[in-house]
Amino acid sequence: MTWKTVLLFIAGATCLILVSGWLIGASLLPIHSQPNYGETVRNFVKVWIQIAIAVGLLLPSVAFATGWRSPERRTVFGFYLLVLVVQILTEQICSEIFSRSLLVIIGTIYTVFRLWQLWQGRQVLGMNAQKSNGSARVGQSTHPIVRGLLWLLLLFWAVNLIFLFVVGWSNILSL
């Protein structure tokens, strides 16, 4: 994970989101401008956002702060948090300017990247541990709490992606 990779992703995602927003506004995509969520889904989303703040933002922030002396942990969690903050800002701005349905599109794009990012982070932390310990397996010498956090984040964002596809996309598509 490098600055170049992260910045290219953010630039590409932003262009795709802006084009999608314009196409939705011009009724050129088969997407409703507002999601058609029922009360149950809206309540679940409110709870899910609180869980996302705790698991997806607070825990990685603690890992970033406590791992400040480790360049690998600082890189993995620093880039993760940067992309998450950009996603939140993009969702706030673009959903107000264009369409509330963009939240599903933005969430999907960023969640796919985040899963890749976390998998790469797991590999980076594991490979650096392997270098320092000789024959350790990938991820084995990384601190157990950090390893557990990476797996928790991977699981959380995978479930988020499933939710986006099952509930989000089915509620914004107008096919």
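**Entry 1: aromatic rings**

I began with the rings and found that Phe44, Trp48, Phe156, Trp157 and Phe163 make up one aromatic cluster. A note to myself on what I am looking at: this is a predicted model, where local features need pLDDT of at least 70 and side-chain atom pairs count only at pLDDT 80 or more, while totals for chains, interfaces and linings use all residues. Residues are numbered from 1 along each chain as its sequence is written, and side-chain values use heavy atoms, with hydrogens and water left out.

The rule I used: rings of Phe, Tyr and Trp (its six-membered ring) pair if their centres lie within 6.5 Å, with planes under 30 degrees apart called stacked, over 60 edge-to-face and the rest tilted.

**Entry 2: Phe64 and Trp68**

Why is the pair of Phe64 and Trp68 edge-to-face? I looked up the geometry: the ring centres are 5.3 Å apart and the planes stand at 85°, so the pair gets that label. Phe64 is partly exposed at 23% relative accessible area, and Trp68 is also partly exposed, at 49%. (Buried is under 20% relative accessible area, exposed is over 50%, and partly exposed is in between, with a 1.4 Å probe and protein chains only.)

**Entry 3: Trp119 and Trp151**

Next I checked Trp119 and Trp151, an edge-to-face pair with 5.8 Å centre to centre and 75° between the planes. This pair links distant parts of the chain, since Trp119 belongs to helix 4 (residues 102-133) and Trp151 to helix 5 (residues 144-172), 32 residues apart. (Helices, H or I with at least four residues, are DSSP runs numbered from the N terminus.) I have Trp119 as partly exposed at 38% and Trp151 as partly exposed at 43%.

**Entry 4: charges over rings**

Which residue lies over the face of Trp68? I found Arg74 there, 5.0 Å from the ring centre. Over the ring of Trp119 sits the charged end of Arg122, 4.9 Å from the centre. (To count, NZ of Lys or CZ of Arg must be within 6 Å of the ring centre and within 35 degrees of the ring normal.)

**Entry 5: Asn160 and helix 5**

Is Asn160 buried or exposed? I got 10% relative accessibility, so Asn160 counts as buried. Asn160 is in helix 5, and leaving aside neighbours within four places in sequence, Asn160 is in contact (heavy atoms within 4.5 Å) with Trp48 and Thr111.

Last, I noted a kink of about 35° in helix 5, centred on Leu164. (The bend at a residue is the angle between axes fitted to the seven residues ending there and the seven starting there.)

Conventions: Helices (H or I, at least four residues) and strands (E, at least two) are DSSP runs, numbered from the N terminus.
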